Amino acid sequence: MTIALLFIALLLLLFTGLPIFAGLALFGGTLQLVTQGELGSVTEVIFGEVNRYLLVAIPLFAFMAHIMIRGKIVDDLYDTAYTLTRHLPGGLGIATIAACTIFAAISGSSVATALTIGAVAIPQMIKFGYEPRAAYGLVAAGGTLGILIPPSGPMVLYGVTTDTSIGGLFMAGIVPGLLMAGVFVGWSMLSTAISHKHIAREPRASWREALSAIRKSVWAISLPVFVLGGMYAGIFTATEAAAAGSWLALLIAALVYRNLGLRAIWESAIDACRISAMLFMILAGASVFGHVMTKLRIPQQIVEAVIATDIGVTGFLLVMMALIFILGMFLESIAIILITTPVILPAMIHLQINPIWYGILLVINLELAQITPPVGMNLFTIKAITKSPLGPIVRGAAPYVVLMIAVLGAVMAWPQIALWLPGTMLGR
């Protein structure tokens, strides 16, 4: 009962519109003051949480993403994907998902993926006869791949919070991410085939056209291959991979695309700093909250409740996935990770739940949060691009919510979907 009241009070505070980092810090600090009578340990807790080498990966991956975005590689990615799929039913939809998949492996951001690909793809899809809401929903859902296909900021924070291998998490996200993309492609082909509207298709590309298109985007595709391949082979840690990827992104944008000046590099660095500062402030606030939860023995009480009810692994996961799904309708993904994970970690350890497996389930659930109202960020991103009312966007995204829940269920039922690739990593 005490646990429920504390979380309800925190949610009510966050719903007032107070910034998340401030809400977490104030709530945790107040509880610390009331229960312990002092705030002396708060600064040490915050410093200890943010003074971690692994967190350096976040600004580096953000910098890499912004360099590639400003390097104008998206048009090449989309054109290549469309050239290879234009003869298929739903070819434009398939191209959009393919471009989202590759761009997700560059940007690590759902919103950036939806925004960047959507600006190119949505007008084209509508021009070729797609219903507007179908185009909106496909791009909104495709954008969610940004935090599942590595690199992923939420995975880094989850890894830091649980002391889990970030390289392992990145590898674990690849197969579920490709599975999710494949399910979206299948739905695009099926929905196009049964649509009452005529959707234009073009002739199959010749070998010469296909090779020319692939050659145009080979440098863009090489970046995620370089970063993830280096981690898989044990050459890089996650932080080293982020640094090496940033250098490669600079070289590709400056020497291959030749459209990146000093001003663009400076702006990319500033944007990376803004994103990182926001995440680190939330992390600092969450560290205060997590510290006082530990002082109040909330994690231990959860473990005792799990033991007393004999809920088991499946029951525990179902309860957590339902809770996170509900929280995702109202809270930002990073806040959900930092609020829930430290509290339930002892229960996960007691139940011997693989933290990499749980991390992937968590991230898939957080993807759902991007396309579920009232606070689905990808929905509002599509609204900003298209100036459309929110209703058609939500209706267009609805089938993808069902598809994503199905993939979540599959990964929960067959953990090896997530755990097989990390299990083959070199240099573990």
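Reply: Start with a cut-off: buried means under 20% relative accessible area, exposed over 50%, and partly exposed in between. Keep in mind that the model is predicted.

Me: Why is Ala25 called partly exposed?
Reply: Ala25 has a relative accessible area of 30%.

Me: Where is Ala25, and what does Ala25 touch?
Reply: Ala25 sits in helix α2, residues 20–36. Leaving out residues up to four places away in sequence, Ala25 touches Gly285 and Val288. Gly146 is 121 residues from Ala25 along the chain, and their C-alpha atoms are separated by 28 Å.

Me: How do you know how the chain's radius of gyration stands against a compact globule?
Reply: For 428 residues, a compact globule would have a radius of gyration near 22 Å. The chain has 22 Å, so the two agree. The C-alpha atoms fill a box of roughly 70 × 50 × 40 Å along the principal axes.

Me: What makes up the secondary structure?
Reply: The chain has 20 helices and zero strands.

Me: What share of the residues counts as buried?
Reply: The share is 54% of the 428 residues. The cut-off is under 20% relative accessible area.

Me: Which residues have the most contacts inside the largest nonpolar core?
Reply: They are Phe316, Tyr358 and Val411, in a core of 138 residues. Beyond its neighbours within four places in sequence, Phe316 contacts residues including Val306, Ile344, Met348 and Leu351.

Technical notes:
Residues numbered from 1 in each chain as written. Predicted model: local features only at pLDDT ≥ 70, side-chain atom pairs only at ≥ 80, totals over all residues. Heavy atoms only, no water. Core = buried A, V, L, I, M, F, W, Y, C linked by side-chain atoms within 4.5 Å. Buried < 20%, exposed > 50% of the residue type's maximum accessible area, 1.4 Å probe, protein only. Contact = heavy atoms within 4.5 Å. Helix = DSSP H or I, 4+ residues; strand = E, 2+ residues; numbered from the N terminus. Rg over C-alpha atoms; globule rule 2.2 N^0.38 Å.
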